[in-house]
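Thanks for coming, everyone. I'll go through one structure today, starting with how its chains meet and then moving to a few spots inside them.

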Amino acid sequence: MRSETGFDPELYARFPTREPRPAEEKDELQRIWCAPKGWEYLTVVNNNYIGIYYLGTAFLFFLLAGVLALLMRVQLAAPLLDVLPQATYNQVFTMHGTVMMFLFAVPAVEAAGVLLLPQMLSARDLPFPRLSAYAFWAYAVGGLCFFASLFVGLAPDGGWFMYPPLTSKAYSPGINTDFWLLGIGFIEISAIAGAIEIIVGVLRHRAPGMSLDKMPIFAWSMLVFAVMIVIAFPSVILGTLLLEIERAFNWPFFDATRGGDPMLWQHLFWFFGHPEVYIIFLPAAGLMSMIIPTVARAELVGYRLIVLAMVATGFISFGVWAHHMFTTGMPPMTTGFFSAASMAVSVPAGIQVFSWIATLAIGKPRFNAPGLFVMGSIVIFVTGGLTGVMVALVPFDWQAHDSYFIVAHLHYVLMGGMVFPLFAAFYYWIPMVSRRAMSERIGKWVFALMFIGMNVAFMPMHLAGLMGMPRRIYTYLPGQGWELPNLISTVGALMLAAGVVLFLIDLARNFRLSPGGGNAGNIYGGGTLEWLPTELYSTRSIPVVTSREPLWYDPNLAENVEQGRYFLPRSATGLRETLVTSPLLAEPQYLQIMPGPSPWPFAAAIFTAGFFLALTVQAYGFGLTSGVLAVIAVLRWMWDTDRPVAMEGVDIGGDIRVPTYMTGPATHGWWAMITLLVVLGMIFVMALFSNAFLWSNQPAFWASPPAPADAWPILALELLGLSAALGARPLLRRGVLASTGAIIVAAAALAAAVVVDYRQWTAAGFLPEASGQTASLFALQALQAMVVLIAILMAGYMAARALRGLVTRPSNNTLDLTALFLAYAGGQGIAGTLFPRLLDIAG
Amino acid sequence: MRADPPGRADAGFARALEGWPPPVLDPAGPYSEPVTLLAWALFIGGTIVLVVVLAALSVALFGSSGLKRRLGGEKAIWIGGIAFPVVVLTGLLIWGLSLTSHLAAGKPTGQEMRVRIVGEMWWWRVHYLDRQGRETVRDANELHIPTGMPVMLELQSADVIHSFWVPRLGGKMDMIPGRTNRLMIQADRPGIYKGQCAEYCGGPHALMGFLVIAHTPEDFARWKASRRPAPIVDPVARRGAALFETSGCAACHVIRGTRAQGLAGPDLTHVGSRHSLGAGILPNNPGTLAGWIADSQAIKPGNRMPPYRQLGAEDLNALTRYLAGRQ
């Protein structure tokens with residue numbers, strides 16, 4: 001494949017261009033990308049700011065959850081202590097796990113993506129800056145409120161995996177559990193938003209010539225990460241929805257006495273929960289694979305194998321979830337499958353570890369702070385991986401499961417696989433964002449304290465587990481020999497904390513944040529594009545990429561980029577813009593006009609937080625108002641977008657011209673919508689799974705559904721909706737009215753179908769509170785109703801834009817995306833109408 | 001007369017608690033022994049692999065250039081990262097799979113003793129079953145078994161998920177509402193074996209212990225024969241019996257042969273012969289028994305039994321005397 005889009009790669013030979021660029025171009029770039037001042041900082045959307053805020057907030061949660069860990073370690077230092085009373089301890093360990101997993105680990109790696117990816121790919125920003133800003137604010141505000149529940153004793157206390165029935169209304173009547181469920185709602189939103197951003201950014205915003213095989217490993221890891229989020233998170237989104245519905249409206253999804261099943265939660269949770277571990281690990285491994293070549297001053301050995309390993313990890317990780325359930329009485333056939341998959345997943349991890357070692361071997365490794373942290377991380381991660389193989393063996397897991405052995409194992413994996421790489425990344429990339437690098441001398445102390453402390457804290461826990469100590473206990477009886485390992489663990493935890501405190505002191509001394517105001521630069525000698533000179537607009541011009549470490553092979557690259565001798569040395573339209581390239585070979589396709597600062601993402605985030613928090617404390621009126629305001633704010637922020645400029649094509653350097661507006665399947669908006677629809681589709685598929693799971697596990701509670709043949713009016717309406725949605729795009733050539741009309745007809749038909757379907761079930765005597773069957777059935781309908789409600793909003797938005805004359809002809813992005821969404825809603829409706837009616841017949 | 005368990009009650013309880021040697025590595029029956037063997041193989045194998053990786057890392061960092069060159073290529077990845085793990089893991093998997101099907105409980109064969117154990121927040125109901133699965137004796141928080149005989153446990157839950165785990169006798173198995181899970185255990189030596197709930201079940205989950213008492217078959221037969229209500233002889237105990245019915249105890253506890261038929265709490269028909277109180281957390285003696293009755297909330301906060309601080313010393317003594325005699 002010579003060219004993917006018809007772009008002639010010979011044109012790359014025009015760069016670097018020779019003639020000097022006018023000086024005012026750079027000033028104009030600075031003016032266009034400059035950040036607002038004062039209070040208006042809340043309106044920034046640029047990734048340089050959002051990335052730092054995001055990472056800082058995630059790190060704050062790391063510290064907060066770390067303090068909780070220390071409290072627990074003090075409580076467990078000796079038997080029968082009363083430092084934390086039982087109820088507090090149960091809240092504290094629940095929050096420690098939840099905050100570390102949901103508020104620290106996932107957002108931290110996502111933040112690393114937001115901060116680093118545009119630089120590494122040499123894009124001016126991520127494709128949807130306002131979405132990033134919204135995701136960040138929703139996470140920060142929601143996360144902090146959620147954490148504050150601890151101070152009023154209302155924090156969740158059901159453990160981070162929240163197994164019902166312990167978390168059902170009957171055994172957890174307080175609002176603590178609701179705080180968990182709704183608090184997690186924010187993280188789900190920001191994770192999905194981030195995943196869409198990253199998928200589209202990595203695939204469409206790479207510098208020209210950066211074909212997939214020249215992409216930095218970190219971008220690969222973030223791509224796999226984002227795809228995994230898109231597949232895995234829907235499962236926990238659905239799970240939390242169902243549990244909250246069960247708690248609020250008494251629909252018995254998980255209540256075994258009424259035909260629900262507590263095992264359904266475990267499947268939904270772990271289908272997310274185990275991939276989650278790799279969701280955290282892969283980006284961190286990607287960071288390792290970026291840092292190690294620089295530390296070793298050698299090219300990464302086995303680039304293709306690493307990429308393959310990451311993709312393989314992504315695949316296999318979806319076949320291991322039930323290894324958290326080996327003690328639930330699954331048949332040996334089933335446990336055997338999951339045991340095999342759990343062992344298989346260690347092969348790609350081994351590939352990466354040996355690639356790193358081989359890379360260190362061919363180079364001349366330096367023992368600087370990032371170097372020490374990556375080396376320490378390899379040791380810790382391998383240890384955790386080995387205990388992971390042990391617990392993948394079912395009979396051993398029967399002993400180790402839910403004991404301190406597991407606590408040791410998971411901390412080795414996560415500290416070695418995520419925390420140490422992240423600290424390496426802090427040391428390595430801080431010179432990119434700060435005027436001063438961190439202290440190397442203090443860095444060695446930080447590493448020593450953290451590395452030794454980590455091992456002292458967690459190594460004895462293996463033994464405690466073998467001595468019979470279960471996890472999640474607030475105290476233990478004396479005389480069991482558990483005193484010594486626990487005391488040692490506590491000492492180790494304090495050492496680890498001392499290391500982190502030392503890091504904070506160094507950070508306070510040396511971190512000088514000044515995006516656009518210079519930075520310490522490429523002090524470690526990295527070879528990838530983020531080490532080009534950058535300002536808020538990223539690099540002055542966007543280079544042509546011909547190798548994986550362009551800075552190592554072209555010593556003049558930095559100078560040429562800074563002098564504007566590559567693509568887009570100026571703002572072609574006078575607006576914020578970046579180059580959209582093709583997914584495989586990164587050939588220039590069109591210029592994306594990017595939105596600037598706006599208060600609306602911030603407002604939308606505040607109201608979203610208000611919506612969830614008000615629902616938690618049962619202030620329904622306030623919650624509803626907040627929800628409506630959030631929707632209005634989102635629509636308002638989008639209103640400014642999708643406005644073509646009056647220029648058909650512009651020169652992006654070297655006399656190469658690209659269009660400034662494109663529609664159809666090649667656009668970034670289309671890609672984002674498809675990704676979003678995959679998310680919705682996965683949520684729906686998990687809902688279908690829930691229905692089928694209860695059908696096969698609780699046959700005694702199953703009633704015969706209405707005859708499938710009687711569903712024809714519903715299907716007819718849904719087909720009408722689907723075809724009207726599909727027709728809207730071609731109809732735009734005839735006129736805006738015809739097209740908008742088709743959209744409105746589609747939305748109306750789908751809404752009617754929801755009503756008719758609901759009435760048919762209720763007329764047949766089905767009520768949601770009755771059984772697991774009816775609950776899961778009406779959950780399908782509720783999902784469809786929600787999708788249709790969004791579709792109606794979109795149709796209204798579309799109509800408003802048509803009235804204001806904002807719909808371009810012969811094609812328009814807003815229309816395309818609305819039509820796509822409606823078509824999806826039609827398809828989902830048809831599946832949701834047929835599935836529960838046909839299920840019983842299939843059996 | 002009480003069947004003779006190994007050692008005095010207090011000493012037996014203390015011995016059961018002892019965590020050294022680590023129970024997982026100190027198996028006492030055929031459902032735990034093969035797992036211990038597997039565990040040792042895994043620890044030794046794992047340590048060897050860790051040492052090899054550390055050696056490779058050291059070579060990469062400090063080795064001579066000749067050694068480094070050998071390590072620095074895709075060949076190292078193919079050997080260390082792919083070929084080696086695939087071979088080792090395949091072997092382990094086969095071992096694991098065959099052990100799993102060997103240890104997993106099947107259908108009852110009629111050769112084993114059967115017991116139904118129901119997890120409660122935060123204690124255990126124990127129902128001894130006959131070969132046909134009919135209930136014979138009810139007890140709580142302790143299980144008596146004969147040595148050398150496989151015991152099939154039918155595990156259920158009355159409320160939330162619990163997990164049954166007596167590491168020296170076998171692995172753990174969850175107790176899930178709406179399901180019955182089966183677990184095989186067996187003790188080959190007489191003794192007291194400690195267990196504990198392993199699935200977080202809220203509140204005082206940390207204090208939900210369990211004891212398995214293994215007797216020689218002869219002792220076990222004697223113990224079984226002694227399972228009938230003991231007569232009340234001493235007048236203080238007789239007063240305690242009356243108090244038991246009038247002070248509210250009977251609303252939650254069963255003592256067979258009396259009017260105490262409450263089902264919410266543990267069956268106390270044989271409470272005096274138990275080795276522990278509060279679900280495997282206190283040695284059973286008159287002092288701890290009185291303390292538990294007076295204020296169990298101070299001992300095991302959050303448990304479902306209200307404190308009886310209003311009882312005077314004499315009443316408490318009478319109740320204790322009565323209950324200690326329920327053997």
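Let me start with the salt bridges between chain A and chain B: the count is one. A salt bridge here is a side-chain nitrogen of Lys or Arg within 4 Å of a carboxyl oxygen of Asp or Glu. The pair is Arg179(B) and Asp261(A), whose closest N and O atoms are 2.5 Å apart.

Before I go on, some housekeeping. This is a predicted model, in which local features need pLDDT of at least 70 and side-chain atom pairs count only at pLDDT 80 or more, while totals for chains, interfaces and linings use all residues. Residues are numbered from 1 along each chain as its sequence is written, chains are lettered from A and ligands numbered from 1 in the order in which they are written, and side-chain values use heavy atoms, with hydrogens and water left out.

Back to the interface. How many residues does the contact take from each chain? It takes 84 residues from chain A and 80 residues from chain B, where contact means heavy atoms within 4.5 Å. The area buried between the two chains is about 6500 Å², and carbon and sulfur atoms give 74% of that. Buried area is the accessible area (1.4 Å probe) that two parts lose on being put together, summed over both. Phe354(A), Trp398(A) and Gln399(A) supply 12% of the area that chain A buries against chain B, more than any other three residues.

There are also 18 residue pairs in polar contact between chain A and chain B, both residues at pLDDT 80 or more. A polar contact is a pair of N or O atoms within 3.5 Å; within protein, one must be able to donate a hydrogen and the other to accept it, and residues adjacent in sequence count only if both atoms are side-chain atoms.

Next, a strand in chain B. Helices (H or I, at least four residues) and strands (E, at least two) are DSSP runs, numbered from the N terminus. Is strand β9 of chain B, residues 191-196, enclosed or open? Six of its six residues are buried, so β9(B) is largely enclosed by the rest of the structure. Buried means under 20% relative accessible area, exposed over 50%, and partly exposed in between (1.4 Å probe, protein chains only). Gly191(B), Tyr193(B) and Gly195(B) point one way from the strand, and Ile192(B), Lys194(B) and Gln196(B) the other way. In a regular strand the side chains alternate between the two faces of the sheet. β9(B) pairs with β10(B), residues 209-215, in the antiparallel sense over six bridges; two strands pair if DSSP finds at least two bridges between them. Tyr193(B) stands opposite Val212(B) in β10(B).

Now a helix in chain A. Thr833(A) lies in α24(A), residues 813-842, and counts as buried because its relative accessibility is 0%. A polar atom of its side chain lies 2.6 Å from the backbone oxygen of Gly829(A). Leaving aside neighbours within four places in sequence, Thr833(A) is in contact with Ala711(A), Ile714(A), Leu715(A), Glu718(A) and Asp757(A).

Last, salt bridges again. Over all chains, the whole structure has 27. One of them joins Lys26(A) and Glu535(A), with the closest N and O atoms 3.7 Å apart. These two residues are 509 residues apart, Lys26(A) being in helix α1 and Glu535(A) in the loop between α15 and α16 of chain A. Glu535(A) counts as buried, at 18% relative accessibility. That's all from me.
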